[in-house]
Amino acid sequence: MAANFWTSSHFKQLLDPEEVDVVHQQDKDKGITLEEFKLIKMHMANYIMKLAQNVKVRQRVVATAVTYMRRVYTRRSMSEYDPRLVAPTCLYLASKAEESTVQARLLVFYIKKFSSDEKYRYEIKDILEMEMKILEALNYYLVVFHPYRTLSPLLQDAGMNDMSMTQLSWGLVNDTYKMDLILTHPPYLIALACIYIASVYREKDITTWFEELRVDMNVVKNISMEILDFYENKMIADERISTAFLKLALKP
């Protein structure tokens with residue numbers, strides 16, 4: 001795995017937000033809106049987390065899996081690549097990439113356990129077939145850098161590495177994977193935005209520390225606003241997610 005973010009395939013694949021917020025034509029033809037597109041991705045990120053908790057893999061694997069899933073849908077439609085199969089397959093692939101391998105049969109056991117619809121009770125062969133399609137969609141670039149890597153050193157440098165600040169900042173980073181931030185911003189800036197939010201929430205003034213870092217605070221604050229906007233809007237009715245999936249199930 002590349003040791004330096006700036007020379008990695010991850011850096012080279014960063015996208016503008018406008019490139020991420022694109023509903024593919026096949027999905028548009030089924031009536032999928034941009035809001036529903038985002039809803040489905042968020043729902044699938046939660047599904048990956050639920051599966052991961054049951055197959056017992058660490059958070060880094062979850063983060064990598066969600067990143068793969070989100071990258072796939074910048075290049076492929078949900079009509080072609082059903083999210084209910086893509087999500088668990090991304091977890092399977094990420095577990096291998098992060099050297100924390102999950103047995104396909106264990107994953108299939110929980111997929112069947114959580115699915116009430118026979119159509120989505122996938123078998124091992126379905127996972128393996130989709131894995132090859134996902135690898136192709138990702139152009140075989142599997143390197144992902146995460147904000148976790150820089151979060152602890154930054155908190156320590158800021159003198160805010162107590163348990164309370166660490167847990168709050170870590171939780172904020174976890175929630176950024178319910179958005180597309182990992183596709184559009186360098187991970188260290190996401191980490192800084194989470195520290196910024198945590199410092200405001202805990203009423204800790206670290207303005208001088210940020211000034212010494214010489215980072216673009218406008219970018220940090222913009223990322224922070226995206227995260228806060230997400231929290232404001234996350235109270236979403238399940239019916240809206242169900243409606244979006246019903247549209248995907250329609251024949252073109």
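User: How are α6 and α8 oriented to each other?
Analyst: α6 and α8 are roughly perpendicular to each other, a label for angles of 65 to 115 degrees. Their axes cross at roughly 75° and come within 9 Å, with α8 covering residues 124-137. Axes here are lines fitted to C-alpha atoms, for helices over the stretch in contact, and angles run from 0 to 180 degrees between N-to-C directions. The helices are DSSP runs (H or I, at least four residues), numbered from the N terminus; strands are E runs of at least two.

User: Which residues in α6 and α8 meet?
Analyst: On α6 they are L85, V86, P88, T89, C90, Y92, L93 and K96, and on α8 D126, I127, L128, M130, E131, I134 and L135. Contact means heavy atoms within 4.5 Å. By class that contact splits into 11 nonpolar, 1 polar and 3 charged residues. Nonpolar covers Ala, Val, Leu, Ile, Met, Phe, Trp, Tyr, Cys and Pro; charged is Asp, Glu, Lys and Arg; the others, Gly among them, are polar.

User: Before I go on, what sort of model is this?
Analyst: It's a predicted model: local features need pLDDT of at least 70, side-chain atom pairs count only at pLDDT 80 or more, and totals for chains, interfaces and linings use all residues. Residues are numbered from 1 along each chain as its sequence is written, and side-chain values use heavy atoms, with hydrogens and water left out.

User: OK, at what angle do α5 and α6 pack?
Analyst: About 130°, with the axes 8 Å apart; α5 is residues 59-72 and α6 is residues 83-97. That makes α5 and α6 oblique to each other, the class left over once under 35 degrees is called roughly parallel and over 145 roughly antiparallel.

User: And which residues make that contact?
Analyst: V61, T64, A65, Y68 and M69 of α5, against V86, C90, L91, L93, A94, S95 and A97 of α6. The α5 and α6 contact has 10 nonpolar, 2 polar and no charged residues.

User: Switching topic: how many salt bridges are there?
Analyst: A search of the whole structure finds 10, counting a side-chain nitrogen of Lys or Arg within 4 Å of a carboxyl oxygen of Asp or Glu. One of them joins K247 and E36 at 3.0 Å, N to O. K247 is in α15 (residues 238-249) and E36 in α4 (residues 34-55), 211 residues apart, linking distant parts of the chain.

User: What does UniProt list as "domain: Cyclin-like"?
Analyst: The unreviewed entry lists residues 46-136 and 149-229. Residues 46-136 are 69% helix and 0% strand, with end C-alpha atoms 24 Å apart. For residues 149-229 it's 77% helix, 0% strand and 25 Å.

Notes. UniProt positions are given in the numbering used here, feature names are shortened, and annotations may be inferred rather than shown by experiment.
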